[in-house]
Structures are given as C-alpha cells and as structure tokens.
Amino acid sequence: MRENLKNLCAYVPEASLDEVKKKYDLKKVYRLSANENPYGTSKKVEEAVKNWNFSESNRYPDGYAQKLRTAIAKHIGCKESQLILGVGLDEIIAILSRTFLDQGDEVIVSDPTFSEYELNALIEGAVVKHAKCSEETGKTDFEAMLSEMTDKTKMIWICNPNNPTGALNPVEEIDAFLAKVPKDVIVLIDEAYIEFADGNQTAIGLLSKYDNAAVMRTFSKIYGLANYRVGYIVMSSEPGNVLQTVRCPYNLNSLSQTAALAALSDQEFVEKCAGKNAREREKLEKFFEENDIFYFKSQANFVFFKFEDAEKLAEYLLKHGYQVRRGLRKDWLRVTIGKKKENAELMRLILQYHNEKRKQ
C-alpha cells in the first residue's frame, strides 16, 4: 500500500433508512441529510426507464453517451467536445485529480467544503491547503485563497453554492478571482446545486474567457437522479481530450444515460422543484432568525446552522424520525429542505428541543 493512503479516512455516508428504523423502532424516517430531491424525479424519467430496452443488458453502453452529450451541449450552450461525462461528480473529481496532480502539488479548498476534493487530492499525494470561508456569510473567501497560493499551487476548488454552507458567490466575484489566478492553475467550479439558486448564476459563460477554468454539474440533485449517478464537466477542449483518455471506457451505463436524457427534457419539473425549494427555504431561514439560531443564508436545497450541542439535537431529531447531517463542523448541522409538512414538523421539533434547553 502507498504510504500516503494509510491514514486516509473514507467518506462515511449517513446510516441507511432501514438501519435507523430498526435502531429507533420507527415506522417512518425522513432523510434530510443527503441533499436529495424530496419531490422525486420527473414522470418523463419514469416512463423512459420503464420503456428501456432490457434486451440490450448484455451489451456495453454507448461509451461516448452521444445522445445525452448532444442534449447537454444544447441545453447549456457549449460544444460537445467540451463535455466529459462521469458516474456522478465523484468520478469526475477522481479523474481530475488523477490527471492534473503530481506528488507534492498544492490544492486549495474552501473550509468547510465538499470533502471529496481533499480526499482525492490526498490520494494522489498532493498537499491540501484550506482557506476559511467567511464566518459572516459562509461564502468562499477569494482573498484567503489568493493568500494561500504558492508556485506549487496546481488546482483550486470552488463549490458554488458551497456545500455545506449553502452560500453563493456571484459570478462577478468568480470572474475577478480568475483574473488574478495564474493561467497554469486550474480552477474547478462545482455547480452541483446551481439550479436551486435564484436567477441565472452559472459561471459557464466565463469558460470562453479563461482556459484554466472548468464547470461541473450533476443530475443527482434537482433532477432527482441520485441513484443513477450522472455528472459532467465543461472545459476547454485541450484538457478535455486528456480527461477523455483517463476516463474509464463505458463508464456511464445505458439506463443512466436514458434517465438523464429524459430528466433534461423536463425543465418544467426543474423549475417547479426550484420554486418549492425556495419557498420552503425562506420559511426555514425565517424560523432560525425568529429563534436567534445562527445560520448561513442559502442558495441551495439545504441550510447550515449553528447550534450548541448540535450532536444532541441531531440525536433528538433522529429519535423522532428526522435524519440531518452532522459531523461537518463542530456545533453545526446541515438540514436538507424537505416538503412542506416535513419542514413544519422539523421546525416544531427543533423549537421544542430549543425551549427545553433554555429552561435547563
């Protein structure tokens, strides 16, 4: 085993719903911990999957995912050659790290942010440097990132909106930051949650201006295809060709391609989910404000909030059938925004625990 792998910790997902039900003797568990779409998937996806040609199961899929590639390129306004498709963004992150990082290279990430950026960098033997996010807003602090840069910096990650803070940096700020970054440093902008943000906030338009920038998207969140594992990256054609070489052949199975193609065709479903999420997000944030609970204003489908004895609150919620994400930062919890009734009950439980704690 390589020495740099011996002390790494694997990503630990939340306990399965069946495990939680059994442990706490619950009939129903609401998973508000994985940032999944509570509204399911488009009916078009359901029909497409039902009509999928099962007789092709013994055949390898289209290794270039041509139909899906063409649809994505048309949807976001890029060339097909700029796209690399992966088994979720996790595979894309791994491919990027394998392609660009050598032993001793430096990678800059916001703190906190999605842990897979750091894990994959460490696997390749890179050094990860952390730039603290704004403690007032949860936004990526670009000045802090610039201060961490050295001549060894090879890669910078920007999650926008950021996971777990939910905060969004305007495209203008990203543009100004890219202008200060050396051209031999690749800047990766992860837009997994961008469809939940208000207005058109994507950084894809910056790719024509900066050859060292790339944007990532996923079908796991607002499209509700977390189980199908489909993600992609948009970049300039030159590094894209190298990534196509590193990418595993036939990586995206036919059923996933079929589901993603159908999901992309139903933008009405996407708009409805974004609208419902925004309304429920506003209610949740108003609840935190009224009860003096500090949180970061979110543009995603989750809210990150600070709570003394957060672990105890998480356990209390879990015993009542509500699973939220813990362990991302001391005294903080991340809650996925669910449906109207789920959110109302979650707020009632938090307030109940909050009031009990005040009396102690």
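How many nonpolar, polar and charged residues does the lining of the largest pocket have? By class, this lining has 19 nonpolar, 11 polar and 13 charged residues, where Ala, Val, Leu, Ile, Met, Phe, Trp, Tyr, Cys and Pro count as nonpolar, Asp, Glu, Lys and Arg as charged, and the others, Gly among them, as polar.

The model is predicted: local features need pLDDT of at least 70, side-chain atom pairs count only at pLDDT 80 or more, and totals for chains, interfaces and linings use all residues. Residues are numbered from 1 along each chain as its sequence is written, and side-chain values use heavy atoms, with hydrogens and water left out.

The largest pocket has a volume of about 1,200 Å³. On a 1 Å grid over the protein atoms alone, a pocket is an open set of points with protein on both sides within 12 Å along at least five of seven lines, a cavity is a set of points where a 1.4 Å probe fits but cannot get out, and lining residues have an atom within 4 Å of a point. Of the 43 residues that line the largest pocket, Tyr-11, Phe-114, Ser-115, Glu-116 and Arg-325 lie nearest its centre. Helix α5 provides the largest share of this lining, 6 residues; helices (H or I, at least four residues) and strands (E, at least two) are DSSP runs, numbered from the N terminus.

The loop between β3 (106-111) and α5 (115-123) contains Pro-112. The peptide bond from Asp-111 to Pro-112 is cis, with omega near 5°. Another cis bond joins Asn-163 to Pro-164, with omega near 25°, and Pro-164 lies in the loop between β5 (153-159) and α7 (171-178). Most peptide bonds are trans.

Elsewhere, helix α3 (residues 66-76) packs with helix α9 (residues 254-264) at an angle of about 25°, their axes being 9 Å apart. Therefore α3 is roughly parallel to α9, a term that covers angles under 35 degrees. The residues in contact (heavy atoms within 4.5 Å) are Lys-67, Leu-68, Ala-71, Ile-72 and His-75 of α3 and Gln-257, Ala-260, Leu-261 and Leu-264 of α9.

His-75 and Leu-264 also belong to the lining of the largest cavity, together with Glu-195, Arg-217, Thr-218, Phe-219, Tyr-223 and Tyr-232. This cavity has a volume of about 60 Å³, and the structure holds 1 cavity of 30 Å³ or more. The lining of the largest cavity has 4 nonpolar, 2 polar and 2 charged residues.

Key: Axes fitted to C-alpha atoms, helices over the stretch in contact; angles between N-to-C directions. Parallel < 35°, antiparallel > 145°, perpendicular 65-115°, else oblique. Points joined across faces, edges and corners; volume = space filled by probe spheres on them.
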